[in-house]
Amino acid sequence: MADDIRPRIRVPANPKKGEVIEVRTLISHAMESGQRRDAGGALVPRKIVNALEVTFNGRPVFAARLEPAISANPYLAFFMRVEESGVLRFIWRDDDGAQYTAEQKVEMAA
């Protein structure tokens, strides 16, 4: 993962079984539209986060396809019902084939 790319994830602490929680995520990412030229006049290659996939304990819970008009640091939020403790796994995909991953534990209230 490149040093300038930093995913952030926020979930409520200790939700109750059956509770609907909001999952918020933002990835700091230097976007390039592919239309800008460098000092030598060459086009800077396009670099845009184009997809996000989220699984919970291996099961898909959210997926989004992002288009070129997305912001430089894409922020996404979604709701999900939690029935058990587990791990949310996030995968962002970039135009250049790079993948950025992050995980967040979700611990149920006792």
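## A buried aromatic pair

In this predicted model, Phe90 has a relative accessibility of 0% and is therefore classed as buried. Its ring pairs with that of Trp92 in a stacked arrangement, with 5.7 Å from centre to centre and 15° between the planes. Trp92 is likewise counted as buried, at 2% relative accessibility.

The structure contains two aromatic pairs, and one of them joins Phe62 to Phe78, whose stacked rings are 4.4 Å apart centre to centre with 5° between the planes. Because Phe62 belongs to strand β4 (residues 59-65) and Phe78 to strand β5, this pair ties together parts that are 16 residues apart in sequence.

Phe78 is buried, with a relative accessible area of 5%, whereas Phe62, at 21% relative accessibility, counts as partly exposed, since the class of buried residues requires a value under 20%.

## The open sheet

Strand β5 also takes part in an open sheet of three strands, arranged in the order β1-β2-β5 with antiparallel pairing. The edges of this sheet are formed by β1 (6-10) and β5 (75-81), and because each has a single partner strand, one side of each is left without a neighbour in the sheet. From one strand to the next, the twist averages 20°.

Between β1 and strand β2 (residues 20-28), the antiparallel pairing runs over five bridges, and Arg10 stands opposite Arg24, a residue of β2.

Note on methods
Residues are numbered from 1 along each chain as its sequence is written. This is a predicted model: local features need pLDDT of at least 70, side-chain atom pairs count only at pLDDT 80 or more; totals for chains, interfaces and linings use all residues. Side-chain values use heavy atoms; hydrogens and water are left out. Two strands pair if DSSP finds at least two bridges between them. Helices (H or I, at least four residues) and strands (E, at least two) are DSSP runs, numbered from the N terminus. Axes are lines fitted to C-alpha atoms, for helices over the stretch in contact, and angles run from 0 to 180 degrees between N-to-C directions. Rings of Phe, Tyr and Trp (its six-membered ring) pair if their centres lie within 6.5 Å; planes under 30 degrees apart count as stacked, over 60 as edge-to-face and the rest as tilted. Buried means under 20% relative accessible area, exposed over 50%, partly exposed in between (1.4 Å probe, protein chains only).
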